[in-house]
Amino acid sequence: MRLPFVDNDVPICYLIASGSVSLHRNADNLMIYRISAPLVLGLGMIRDVYIQTQEPCRLATLPQAHQLIQDNNLWELFARHMTMLSSKLYSHSKLLTAPTSYETIRTLLIALMREPEALRANTTAERYIRDRTLLSRSGVMKILSALKAGGYIVIEEGRLREIKKLPLKY
């Protein structure tokens, strides 16, 4: 399910109680980040992204979220939440500015191994990487094939099963 952060110029804030969602750019649908509940999204009033549910989720909208924060003096909690989100977005931007395609793929393979088994079982390594980058399919497949041939990773039917030891450089 695709959920916007703005509807008729009115910001929307979401409370995700269970499940996981991903953030995507509107312009090209590039996945920015995948995150699991519990969380609140939409407090920063970002207009050029949307949420995509990754599995069945329990969620609700929070009308006038900023007014609720003000009325209940929740600014410290709000600041901690925004700091956590900023940190995650910084990590993602660091990934996108990695010097080489290999370093980007290496980082994402490690991230994929940290994902829940259910996600890894249903997502190919190539799809996971390409959903999060602007790398070409052929470039991703070339590096994955070389890593598999070198015994650095175990991939079965496109699914990453194990990382043995990834070299720092390609």
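Let's start with how the chain folds back on itself: in the protein, 61% of the contacts with a separation of 6 or more join residues 24 or more positions apart, a contact being heavy atoms within 4.5 Å. The model is predicted, so to speak of local features takes a pLDDT of at least 70, side-chain atom pairs count only at pLDDT 80 or more, and totals for chains, interfaces and linings use all residues. Residues are numbered from 1 along each chain as its sequence is written, and side-chain values use heavy atoms, with hydrogens and water left out.

Now for the overall picture. The C-alpha trace spans about 60 × 30 × 30 Å along its principal axes. Of the 170 residues, 34% are buried, meaning under 20% relative accessible area with a 1.4 Å probe, protein chains only. The protein exposes about 10200 Å², with 55% of that supplied by carbon and sulfur atoms; the areas come from the Shrake-Rupley method with a 1.4 Å probe.

The secondary structure comes to 6 helices and 11 strands, which are DSSP runs (H or I, at least four residues, for helices; E, at least two, for strands) numbered from the N terminus. Have a look at the open sheet of 3 strands, ordered β7-β4-β9 with antiparallel pairing; strands pair if DSSP finds at least two bridges between them. Because β7 (39-41) and β9 (58-61) stand at the edges with a single partner strand each, one side of each has no neighbour in the sheet. Strand β4 (residues 14-18) is joined to β7 by 3 bridges, and L15 has V40 in β7 as its bridge partner.

Conventions:
Buried < 20%, exposed > 50% of the residue type's maximum accessible area, 1.4 Å probe, protein only.
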